[in-house]
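Reader: Could you show me how to read a helix and its surroundings in a model?

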Amino acid sequence: MSDEPVVEPDPEARIRLASLILRLRELGLSDRKVLGAIETVPREAFVPYVYREDAYLDRALPIECGQTISAPSVVAMMTAALELEPRHHVLEIGTGSGYQAAILARLSRRVTTLERYRTLLELAQTRWDLLGITNIAGIVADGSKGWQTQAPFDRILVTAAAAVAPAKLVAQLVDGGILVAPVGPVDAVQRLTLFRKEGTRVDTRDLGAVRFVPLIEGIARNL
């Protein structure tokens, strides 16, 4: 459980959120469903207490276990690229703060999210519970292997950088499914890549430059 103090609703949060939505629109991120989800999921609930006032700035912020919560523009871009439908079952690799999963849960039937850090998953579950989000299943697991037990998935979102195209994860998509992942070296800029599975063929599309923490195999022993 988190030792953070309970935070009363910030009367200025709606103003900061409105500014963020305007910023996202200026960047060309205009998907109404995605923006609606961002408006209804309070990002300040997913960042450490010391960063609450920065929650609606368009930048990544540090979270527990040396990880980060992605900038809202990156969350919006990745979510829009998935082309989510209400019936979809989504696999997320890398729960982190739980914010991205909460956005996905607003737009899909079910989200299964894998996290190698038990501490992060427990904190995320507490946040989902407080917000009444019930269609997320969080699992401590090695995300690099995906989750064959429930495959195939309609959509897969990877929130950590893979050095090469994640073939094992692409294989867990339904025919016509979409996977979005940052691909490239962990110590440099990566390319956010969309993989669309069409029968035995996989089409790819470059969505732009990003920076993510690396996708690490295994489960963390001490956290």
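Reader: Which residues of α3 are buried?

Author: Pro72, Ser73, Val74, Val75, Ala76, Met78, Thr79 and Ala81 are buried in α3, where buried means under 20% relative accessible area, exposed over 50% and partly exposed in between, with a 1.4 Å probe and protein chains only. Helices (H or I, at least four residues) and strands (E, at least two) are DSSP runs, numbered from the N terminus. This is a predicted model, in which local features need pLDDT of at least 70 and side-chain atom pairs count only at pLDDT 80 or more, while totals for chains, interfaces and linings use all residues. Residues are numbered from 1 along each chain as its sequence is written, and side-chain values use heavy atoms, leaving out hydrogens and water.

Reader: How many of the 10 residues of helix α3 are buried?

Author: Eight are, so that the helix, residues 72-81, is mostly covered. Just after α3, glutamate 83 takes a positive phi of about 55°.

Reader: Which residues does leucine 24 touch, beyond those up to four places away in sequence?

Author: An α-helix has 3.6 residues a turn, so residues three or four places apart point the same way. Leucine 24, in helix α1 (residues 13-26), touches Leu29, Leu35, Ile38, Pro72, Ser73 and Ala76, a contact being heavy atoms within 4.5 Å. Leucine 24 and proline 72 are 48 residues apart in sequence, yet 8.0 Å apart in space, C-alpha to C-alpha.

Reader: Is leucine 24 buried or exposed?

Author: Leucine 24 is buried, because its relative accessible area is 0%.
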